[in-house]
Amino acid sequence: MKNWFPVLALFVGLGCSISFAQAEQEHQFSGPFDLYMKAEQQRSPDSVLRRFAADCGLDLQAALPHYAVLPGKNWVIVKDLEKGFEFQETDFISTTAVRKLGDLVVVETWSLELDTGSQSRSLYCFKNLKTTLLESTDWMPSYDKDGIPTPGWGYEQRWRLSPARKLVRYYANFIDAAGQSIAEPKMDAETTKDLQWTPGVYAWNDLTLPLALLR
């Protein structure tokens, strides 16, 4: 899990024979990411983003989103996320949406592995381009009767910056694809260990996103 978050540059240089169009037909981006895409298309942020932006102090109604996708080595700024996927040529899909108002910035990134069905969502709050709040949710896939991966359970974690300038986790919870709390699922020892980690994003520059997204 921690390997997905949020160093999206890990996807750089990874090749694959499947195109985005083929992957979309096969997987249809079911689950959390599909709900996210519908919300963005309707310009109606979901409850998670609304809560996070409120905690950050940013007014979503006054801050328009700027989008980018990561089709290969470099981020590509796009006006529409769905059309931006035309650039994609691998099993790894990465998107970002940046909302800025004054000295506050809220960044939302998604990372998907189409071959496994894994999905990861990260939210960052920056003030003067320094991290104040951060949260991440990783969904582990399950499989339907035809062997197609579908979102299974997710693990949500939230951190805030302490006076000592360290990110401290203050919330963790298991959820389903719709974001509802569930009982802790059965996991092997390695998965349980992987859940215990701390992100290394302390400033905007740690994300290596295009500065043009801050316009």
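Buried means under 20% relative accessible area, exposed means over 50%, and partly exposed covers what lies in between (1.4 Å probe, protein chains only). Keep that scale at hand for this tour of a predicted model, where local features need pLDDT of at least 70, side-chain atom pairs count only at pLDDT 80 or more, and totals for chains, interfaces and linings use all residues. Residues are numbered from 1 along each chain as its sequence is written, and side-chain values use heavy atoms, with hydrogens and water left out.

Select Phe-174, which is buried at a relative accessible area of 10%. (Rings of Phe, Tyr and Trp, the last by its six-membered ring, pair if their centres lie within 6.5 Å; planes under 30 degrees apart are stacked, over 60 edge-to-face, and the rest tilted.) Because Trp-153 sits in strand β7 and Phe-174 in strand β8 (residues 167–175), the pair ties together parts 21 residues apart in sequence. Helices (H or I, at least four residues) and strands (E, at least two) are DSSP runs, numbered from the N terminus.

The structure holds 9 aromatic pairs. For another of them, pick Trp-110 and Trp-139: their ring centres are 5.7 Å apart and their planes at 0°, so this pair is stacked. Trp-110 belongs to strand β4 (residues 104–113) and Trp-139 to strand β6 (residues 130–143). Trp-110 is buried at 0% relative accessibility.

**Stop two: salt bridges**

Next, select Arg-51, partly exposed at 23% relative accessibility. (A salt bridge is a side-chain nitrogen of Lys or Arg within 4 Å of a carboxyl oxygen of Asp or Glu.) Glu-156 lies in strand β7 (residues 149–161) and Arg-51 in helix α3, 105 residues apart. Shared partners join Arg-51, Asp-55, Glu-135, Glu-156 and Arg-158 into one network. Asp-55 and Arg-51 both lie in helix α3 (residues 47–56), 4 residues apart.

Move on to Arg-99 and Glu-40, whose side chains meet in a salt bridge at 3.2 Å, N to O. They link strand β3 (residues 92–101) to helix α2 (residues 32–41), and both are buried.

**Last stop: charges over rings**

Finally, select Arg-158, which lies over the face of Tyr-171, 4.0 Å from the ring centre. The charged end of Arg-160 sits over the ring of Tyr-170, 3.8 Å from its centre. (This requires NZ of Lys or CZ of Arg within 6 Å of the ring centre and within 35 degrees of the ring normal.)
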